[in-house]
Amino acid sequence: MPDPRHHDLVIIGAGSGNMVVDSSFADLDVAIVADGPFGGTCLNFGCIPSKMLGYTADVARTVGGAAQYGVEASLRGMRWRQVRDRVFSRLDAESAEGREGREKSDFITVYDGHARFTGPKRLQVEQGETSVAIEAEQIVLATGARPTVPPQVADSGLPFETSDTIMRIDQPPRRLAVLGGGYIAVELAEVFAAAGSEIVIVEQAEELLGTQDESVSEAFTELAGRRFELQLGRELTRLEGSAGELRLVLDDGTVVEADMLLVAVGRTPNSDGLDLAKSGIETFDDGRVVVDDYQRTEADGVFALGDICSPYQLKHVANREAEVVAHNLRHPDELRATSHDVVPAAVFSNPQIAFVGATEQDCRDAGRDYAVGTTRYADVAYGWALEDTDGFCKILADRDTGLLLGAHLMGSQALTLIQPLVLAMTLGIDAKTLAQQPYWIHPALSEVISNALRAL
């Protein structure tokens with residue numbers, strides 16, 4: 001067997017891992033192992049295409065709801081294939097361009113294939129019928145995660161879709177069953193509802209988005225129930241039928257019929273196919289790779305970032321971790337730690353949801369002495385302009401210090417409105433200072449934040 005090819009640095013994964021390497025690494029021999037398209041999940045199967053499709057769905061809903069503003073308009077439908085091709089022609093080109101740039105690099109070698117450890121700092125890259133052995137002084141694991149598929153579906157032998165596949169289908173189904181009630185489930189349900197599909201959501205919890213603040217999950221579930229069929233507090237026992245004529249048999253005997261099934265019950269870290277035990281890398285019970293504050297694994301010279309190790313499966317977190325890894329690879333004597341203290345996130349649903357920090361149930365369970373301030377969109381002037389009777393901003397603060405503990409928004413522009421609250425939590429600005437020191441533009445929608453702060 002020939003000796004393995006030596007590199008100074010190997011990146012396993014072409015998503016956020018690809019962001020680690022810039023021109024400052026040009027003095028090294030770098031390799032990137034790509035088991036899939038460049039750009040990873042975010043560019044090809046996740047964040048970006050779902051939001052491009054989601055915005056198109058928003059446009060369709062705006063046209064369909066124009067009458068409430070006294071505007072005469074009619075919605076004749078979404079041209080799905082045209083929308084899909086517009087989205088993926090751009091994203092596929094971005095992915096190809098990313099690959100081409102790396103392949104043309106003077107200091108980077110791209111390996112297409114699946115990498116497995118054969119020993120400390122040694123890898124075998126499987127490339128179809130052949131394989132190549134490589135080794136490196138430093139290795140970065142950035143292989144992400146994949147959709148979780150329960151055995152009731154996987155073992156049925158019947159067709160199903162996941163977030164990796166459904167956005168590229170040729171035609172929206174007449175009736176789409178969505179298994180799961182988290183953010184991926186509700187975001188894609190919104191897309192296909194706007195595309196003309198009838199939606200039924202099956203979720204084992206009693207509410208959708210159950211990890212959200214209780215006020216948000218309760219309100220969102222009530223709104224979703226007006227537009228979708230909801231089977232809540234139900235579990236799938238078996239999948240029957242045939243392609244295009246599926247039957248989901250639930251634990252209470254209910255049978256849900258659909259022509260397509262979307263499985264969106266969570267994501268599994270891609271650690272189980274790397275033979276990590278041969279390298280001395282430890283994992284948690286859920287499959288996440290164990291890392292320290294500096295993104296280092298238990299194995300010398302091996303770092304990890306993104307969904308394979310992070311408690312937050314969010315692209316902006318993976319990007320931050322990639323920045324930390326890049327710094328620590330180049331500056332081993334000046335290590336930088338990753339902070340996960342204040343991590344905002346959003347659900348690109350209808351209505352939008354954005355959140356940061358603790359939920360009210362978190363505060364209650366922890367025995368915190370906290371105050372709650374809430375303002376509804378309908379209570380501010382721009383909310384009147386939007387005719388928004390459902391949106392609200394809820395802020396939690398420590399009763400003694402006034403420091404923010406958490407913030408939760410549901411409604412138009414929530415994805416943007418959350419940011420001043422993220423800054424306040426990050427910089428330690430108390431609620432009174434944030435409410436009274438800066439000017440808040442009137443009658444902008446940001447008044448829901450200032451009023452919620454004053455309500456504390």
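**Reading salt bridges in a predicted model**

Modeller: A search of the whole structure finds 32 salt bridges. This is a predicted model, where local features need pLDDT of at least 70, side-chain atom pairs count only at pLDDT 80 or more, and totals for chains, interfaces and linings use all residues. Residues are numbered from 1 along each chain as its sequence is written, and side-chain values use heavy atoms, leaving out hydrogens and water.

Biologist: What is a salt bridge?

Modeller: Side chains of opposite charge can pair when their charged atoms come close. Here the term means a side-chain nitrogen of Lys or Arg within 4 Å of a carboxyl oxygen of Asp or Glu. Take arginine 61 and glutamate 190: their closest N and O atoms are 3.4 Å apart.

Biologist: Which parts does the pair of arginine 61 and glutamate 190 tie together?

Modeller: Arginine 61 sits in helix α2 (residues 47-64) and glutamate 190 in helix α5 (residues 183-194), so the pair joins parts 129 residues apart in sequence. Helices are DSSP runs of H or I, at least four residues; strands are runs of E, at least two, and both are numbered from the N terminus.

Biologist: Is glutamate 190 buried or exposed?

Modeller: Buried means under 20% relative accessible area, exposed over 50%, and partly exposed in between (1.4 Å probe, protein chains only). Glutamate 190 has 2%, so it is buried. Arginine 61 has 24% and counts as partly exposed.

Biologist: Which residues are linked with Arg61 and Glu190 in a network?

Modeller: Asp58 and Arg227 join Arg61 and Glu190 in a network of salt bridges.
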